[in-house]
Number of protein chains: 4
Amino acid sequence: MHEQMESVEALWADFATPIRSAEDYINSLRGRPMNVFFMGERVPEPVDHPVIRPSVNAMAETYRLATEQPDLATVHSGISDRRINRFLHVPVNPGELVAKHEMQRELGRRTGTCFQRCVGLDAIGSCHSVTFDIDGKHGGQYHKRFLAFLERAQAANVVIGGAMTDPKGDRSKPPHQQRDPDLFLHVVRRDRNGIYVSGAKMHQTGAVNSHWLIFMPTMRLTEADRDWAVVGAVRVDAPGLTYIVGRQTNDTRIVDGGAMDAGNAQFAGQESLIVFDEVFVPHDHVFMDGEWAYASSLVERFTTYHRSSYVCKTGLGDVLIGAAASAAEHNGVEGASHIKDKLVEMTHLNETIYSSCMAGAHQSKPAPSGAYINDEMLSNVAKHNVTRFPYEIARLAQDIAGGLVVTMPSEKDLQNNEIGPLIRKFLQGRDGVEVVDRMRILRLIENMTIGRNAVGYLTESLHGAGSPQAQRIQIARSMKLEENKARARALAGIDSSRKPSR
Amino acid sequence: MHEQMESVEALWADFATPIRSAEDYINSLRGRPMNVFFMGERVPEPVDHPVIRPSVNAMAETYRLATEQPDLATVHSGISDRRINRFLHVPVNPGELVAKHEMQRELGRRTGTCFQRCVGLDAIGSCHSVTFDIDGKHGGQYHKRFLAFLERAQAANVVIGGAMTDPKGDRSKPPHQQRDPDLFLHVVRRDRNGIYVSGAKMHQTGAVNSHWLIFMPTMRLTEADRDWAVVGAVRVDAPGLTYIVGRQTNDTRIVDGGAMDAGNAQFAGQESLIVFDEVFVPHDHVFMDGEWAYASSLVERFTTYHRSSYVCKTGLGDVLIGAAASAAEHNGVEGASHIKDKLVEMTHLNETIYSSCMAGAHQSKPAPSGAYINDEMLSNVAKHNVTRFPYEIARLAQDIAGGLVVTMPSEKDLQNNEIGPLIRKFLQGRDGVEVVDRMRILRLIENMTIGRNAVGYLTESLHGAGSPQAQRIQIARSMKLEENKARARALAGIDSSRKPSR
Amino acid sequence: MHEQMESVEALWADFATPIRSAEDYINSLRGRPMNVFFMGERVPEPVDHPVIRPSVNAMAETYRLATEQPDLATVHSGISDRRINRFLHVPVNPGELVAKHEMQRELGRRTGTCFQRCVGLDAIGSCHSVTFDIDGKHGGQYHKRFLAFLERAQAANVVIGGAMTDPKGDRSKPPHQQRDPDLFLHVVRRDRNGIYVSGAKMHQTGAVNSHWLIFMPTMRLTEADRDWAVVGAVRVDAPGLTYIVGRQTNDTRIVDGGAMDAGNAQFAGQESLIVFDEVFVPHDHVFMDGEWAYASSLVERFTTYHRSSYVCKTGLGDVLIGAAASAAEHNGVEGASHIKDKLVEMTHLNETIYSSCMAGAHQSKPAPSGAYINDEMLSNVAKHNVTRFPYEIARLAQDIAGGLVVTMPSEKDLQNNEIGPLIRKFLQGRDGVEVVDRMRILRLIENMTIGRNAVGYLTESLHGAGSPQAQRIQIARSMKLEENKARARALAGIDSSRKPSR
Amino acid sequence: MHEQMESVEALWADFATPIRSAEDYINSLRGRPMNVFFMGERVPEPVDHPVIRPSVNAMAETYRLATEQPDLATVHSGISDRRINRFLHVPVNPGELVAKHEMQRELGRRTGTCFQRCVGLDAIGSCHSVTFDIDGKHGGQYHKRFLAFLERAQAANVVIGGAMTDPKGDRSKPPHQQRDPDLFLHVVRRDRNGIYVSGAKMHQTGAVNSHWLIFMPTMRLTEADRDWAVVGAVRVDAPGLTYIVGRQTNDTRIVDGGAMDAGNAQFAGQESLIVFDEVFVPHDHVFMDGEWAYASSLVERFTTYHRSSYVCKTGLGDVLIGAAASAAEHNGVEGASHIKDKLVEMTHLNETIYSSCMAGAHQSKPAPSGAYINDEMLSNVAKHNVTRFPYEIARLAQDIAGGLVVTMPSEKDLQNNEIGPLIRKFLQGRDGVEVVDRMRILRLIENMTIGRNAVGYLTESLHGAGSPQAQRIQIARSMKLEENKARARALAGIDSSRKPSR
């Protein structure tokens, strides 16, 4: 059993110097005493692990963008009264949600993958309003604590990760009826300094690349689940935390094949299983403890924010459209009507996703705390389109690319004296196109449609922020069926005083 | 040859008393000396024609909404400095475009059909900015004239129709090369009072129910087409105008079957072929005459406005979703999972359309004249979704409705003493549902999916404001392929200084 | 209460002279003492009713084809040892099912609508094997009776209709629990001569144009539903039968608009509600009475046959593809790549339907009676495609046709001296195309996509032979999930001896 | 320059002992003097290369099936008058094509991947009829030579690969205008013993695992391309041949992660770039040399055969459906209505593909040589469905699987003493499911949807046997537009003697 008494000040001591650049950020990750595993081995320094590094690079772009395009990626915070990275900001008007989405699309364009910082961002927004609501009802200190936490984070410019998805075990049972109580994260002990939590969080995006984690319940709870109704913030290197980084398609290509074979050598996403073993959380970092009735609104607000954050995939879509257009050009078929038509279709689907996300931001409404939250119906509609259209965009990209996208020799073949020249001879496309450029573009298309970043572009688009069925349930709840039935009855000439009995 | 010398004041004399209500509007249509034909016969008073009347009623709702929900359907105009019907307003900020779209959806919900007033509305917006641009270049009076015209219209609260689509003849040839010059509307004569135009405009929405018409060119023109580059406003009862109202599916049901068989007895759309035979336009009502270079931007701005106006179809979608939900309830299957799933899918598609339209309004940009115009890419994307999703929504509505939607006896059968009781006996659904209500809802679904208002909900969704291919061409023009290719090349690791030769 | 003692011989006396031609057939319908209603009025002679006549013509084509293409539409019957119309034949090998489907497609091409004779054909096939099975178990005379009935029908060359769909009332209850027992057809009395049945059958295709009807239960029954487990054959003019012909979209166009406005003036479908009021069936025409356990296999075999019969819609698809291609030609755009691409897509979808139907015929299997029945999985898959693809084909046809398809003036306008010339002037397409031909093709497209025959091409494709969900249930039953799971477990390297507990 | 004089007998000497089993086959591949490269290194013995071996295993199943299910996978050959492996057979009736497709589906089920032997099979069929046609016209010996070659192959029971796709270079130019003549395979020299060919063939399936290769032209040729009009057979270990095995997604998982991480450790596909450097072909193995006019029919017949061979993907679909059903069971959600509905949809799409392929086999027609060839339209329709539906099936499989499919720890993590127990604790699903089984099934789904065998299930489904556009061109050629237009004109009431001028 861990004995934990560290003061909040001590916990923040390492972050006294604010992170000012992408390079600062990368350095800030080094030397932390973390339990990180990948493919059965402990990773001594994740930043330097060749498979993990591209995910660090992608996260680092959230800092680089803030220095390169401060209008887009920074914003003034009323909480700390300073200009901060937008990833640490609670939006207080629709325009800030709109700007957030533009920033996310731009980062998608820059990285061609998941840059991992949105879960924490959307956790911040949700906790802001839910802590406010709890205190409004119960008169506690959660909101004040949360604002203090957030102000420190803004000052330090750290990465906050969010952790929501529990393992769930037998899905037909609530937390308190599971055979193993740890299948949902819960409080195992409380003392005068704080609380101790155990459990795990699945497929956590960018956790290893974060500085702090906010953990939250994953679903509606009942009174008997009181100990599972817990929200708090911990350092990612807190004692008791273990990270098992998941395997991704083609993750080791960067090691065994080289930069070209990787397709996008610089950037990738990251997801891990985080195990909590009696992890201490000081009271000042506890934002919910037992208020089970608020679990559902926390989940709903988080998913409403987060489903619209999938606007980032339109940035990936931009890259893939560009890659397909380049491949067509390399093959000399960019003028064929069916090629042009497929590029239009890809764009149409991509912009349809964009429009659903943006409409929900423009039509956001304030919670009592003042935080603006995307329109719930539109956010669910947006995410639901994300579960469909990227798959079709990817299929069209492969269509334009041609079969070579999956049968191409390795970069190492190209470097071989005997066969390298043969590849250069036979893969030559139209005049003026370098064979190596043609190969690179095809590798990028492979990367995004059936390679490492297809994890983020496709499967994560399906399941992140809730699987398709979760959106359908939410859409069903937001439907105004009774209003619509009344309209229909009126136009059909039915006396509105009569209704079918129930 | 007509001799025309009426002053502008004389032309407006009939509109001295502003229209203040739906009833005023209907009365204002009576007694006009118009050449209207339907099914081979001259229609002496269109307002009283049973097939045309439902279209008058639908237009009248644009007045009723203004009295019932003035916040939604009226707005302050800076041009006439008074509160006016929103259908006569040039939007000067994004919020006004957003409000316009909410109004359009609400009218779709109220009428379940095309209420016909958007073409004129979008013509106003486009002419505002294009006349400004022409004068800015050529120093003319078009914009001033247009503002004066619009101020009169706002004061009188009249319906302005818009007329754009020419017959086109041989589509491979520009206007001046057509065998018959009238296949595109053109100036045939000019005198000191004004100009005389001949030609025709096809499938003109609500023309017979309007007070004034603005005619505009239908496509990009060249210098040789100078006489076809003409924009002007005429009274719909101007000498030389003939209207041939088109047939619609089930248009005569209201006559031969009665209200129930019509499905939606109160409301319908209207489209007609308008023939111009040397129609006089006084100079003050001429807004373009020969400035061929501006035809394309007029068309582009009009279609950008108008493609987003198809947000109205989401109001029809609301009605159809409500009708399908009612039908399911009547059959006692509203709890079946596949039924609920289909209602969710219908809603998802409907809200996807809504989101594309709204996003383009929120992200509108001002033209030099100050008029705000929807985002071009998003407006085209929105309309392109409109060419697809209503068909699937309609299919799902028929799926839920059951086969009875197309095999049901007539209202007259129900009234027959011999078979009426048999129908009541055998069409009884679940307890508490009146057979006649069940039939009415099914007739409404028939009306919107394979009946009179399917014209508006489906085929007009396909072709109105430009056929699908027109949107694809516009999306192709708005695509940022070069930017996207550059992004892809960068992520693929290609030296950005090298490019394929062209 | 009717007293019925007519002998079977007497019932067949009117059919002593075989029908030899389409003309014979039409004459055979005249002068029958039937209770037929349409739009609230008794129809004295359905053959001469202008709205009903096109459906008679469509049925007559099944006779015409037999004389014009005997190889396709006739076949040797082992039952009566003569060459008969294929619509009266029980298929005894896969080739005969294949030929049946080719005949159905050809009739779809000839008529552009539902020719109505397939329900009876598929009823024959199902009754053949089910009566055989019942007698095999219970030792009765049903199969012998059925063969005798069929031999007479083959000799007389009559139209046999099939009637299956009961009104069903409260769908959550079986027949014997309905408040009104007539909501499912049932035996109300038995005497030494035969049985008496009451109830109704909904949306019965071509019933008024038939000579005999075979009625069958509509779903799985239990012992308590014994009186509802009844199959028999009656003359369509039997005392106690009443027909209420359903309204179809644009059904009265042929009357109020003329041949051109009708789109397809010659051919249409027909569906009616048939009410049975103590209709007498002599024992020799009773093919099931109380054997409730066989109701489900009768329904399953019938739907398996009938779902594949929807191959006829590919014939309609051929017509619509041809109409769209003609419309493109009239507009002078037949060479545009997007037009060609849409025609290819329409063809691809149409042939996909065809292939599913044909595969199920080629892979048919014999029932114990020797009758061949389509492959159950493939027949359901085929019909399920029919519930989707015609809607998309229709949408594409409207896309190619242009908006004129729903805004076009009437034929009567064309005949008007004043406006006829205007229409001819402005609707002229490319050189060499007659305006009237252009209009006719557009009216045909209207007819098939949003007009009278859209009932058959679209809504009937959705609901005929069972709604989409019915096919999904059947596909679920035919899925080999356990085999597939075993394959997956083997390839995944799971020890096949372990299985999840249930 | 190679000097080649080996007699045909000498070339066949190594195959004197027929291959009788899967084990024989694997042994037959050992010790061959081949130039095979993978990832920049020469592969001394492909059979023992861990990445290549799964592809050998998949090919070996074609032998195992022949011993385990001889009815399915062997057939009597009239050419050699013996029972042979069906992969060496020229089908001479529809039933043999049907049996071929059933065999292909079964092998898809057994291997979950591409078993690589169909290209050669379809090459045999095409060469049989085309050599017959050439000789019929020109009186040569090609057909006789081909039969002799085939008889030897049947006796030896070898694997024949087929090689068609040339690199093509600048796609706007025919072979003789390419800057480098080798961009299409061609004859570089002829002597009294035979011919010498140079060039390359791209993405050749299973080439390294074959014994013989038949090379064929890839497109329609003109007289100037005479030297490129060449067909012949060579041993895969012939001097002058070099193989560069392409990289596949996750190909090295089997090495770096172990069997579980591979998903399907036993089976995989294989594609390589084959370079021909003056490869000698003795006259007896030359089946076309200069008869350029027959190139197009060779290509068309090959693609007609081969597009239907994609029925194999329905076997992969069976596996994926089974895997998804297992995953649902492991999660305890197999009873959820949306899960069942998705399994039904996957099955519906899979069986639609199957039906198109089978219909085209049943409706095959004989070429003059007596070889039966699938119906051209239906074969193209079938393949076109294969370019779409597997992507949707894969998406649905991922939907059912849940996000863990791409975030799961490695098998090596499971074996680690520290974190293995954590994984077992937190990945436990419902009672009775082994964590390792759950992981294996998810790895299989990963393998087929975003892993190694997604290459075969998805991208190869898109591009193999021609890209989607190739099928659309072929469908366009097979469309009977004129017949359809005539039907439409007749039904629309247009005088058939008038036609639009051209």
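1. Helix 18 and helix 19 of chain A meet through A:N447, A:M448 and A:T449 on the one side and A:A454, A:Y457 and A:L458 on the other. Contact here means heavy atoms within 4.5 Å, and helices (H or I, at least four residues) and strands (E, at least two) are DSSP runs numbered from the N terminus. By class, this contact has 4 nonpolar, 2 polar and no charged residues. For these classes, Ala, Val, Leu, Ile, Met, Phe, Trp, Tyr, Cys and Pro count as nonpolar, Asp, Glu, Lys and Arg as charged, and the others, Gly among them, as polar.

2. The model is predicted, so local features need pLDDT of at least 70 and side-chain atom pairs count only at pLDDT 80 or more, whereas totals for chains, interfaces and linings use all residues. Residues are numbered from 1 along each chain as its sequence is written, chains are lettered from A and ligands numbered from 1 in the order in which they are written, and side-chain values use heavy atoms, with hydrogens and water left out.

3. As for geometry, the axes of helix 18 (residues 435-449) and helix 19 (residues 454-463) of chain A come within 5 Å and cross at roughly 30 degrees. Helix 18 of chain A is therefore roughly parallel to helix 19 of chain A. Axes are lines fitted to C-alpha atoms, for helices over the stretch in contact, and angles run from 0 to 180 degrees between N-to-C directions; those under 35 degrees count as roughly parallel, over 145 as roughly antiparallel, 65 to 115 as roughly perpendicular and the rest as oblique.

4. Between chain D and chain A, 78 residues of chain D are in contact with 78 residues of chain A. The buried area is about 6600 Å², with carbon and sulfur atoms giving 57%; buried area is the accessible area (1.4 Å probe) that two parts lose on being put together, summed over both. In chain D, the residues losing the most area to chain A are D:R247, D:R395 and D:F426, together 12% of what that side buries.

5. The interface of chain D and chain A has 12 salt bridges, a salt bridge being a side-chain nitrogen of Lys or Arg within 4 Å of a carboxyl oxygen of Asp or Glu. D:R247 forms a salt bridge with A:D256 (3.1 Å, N to O).

6. Chain C and chain B likewise form an interface, with 78 residues of chain C in contact with 78 residues of chain B. Their buried area is about 6500 Å², and 12 salt bridges cross between them. C:K425 is paired with B:D182, the closest N and O atoms being 2.9 Å apart.

7. A further salt bridge joins B:E418 and C:R42 (2.7 Å, N to O). B:E418 lies in the loop between helix 16 (411-415) and helix 17 (420-426) of chain B and C:R42 in strand 2 (residues 41-42) of chain C, so the pair joins two chains.
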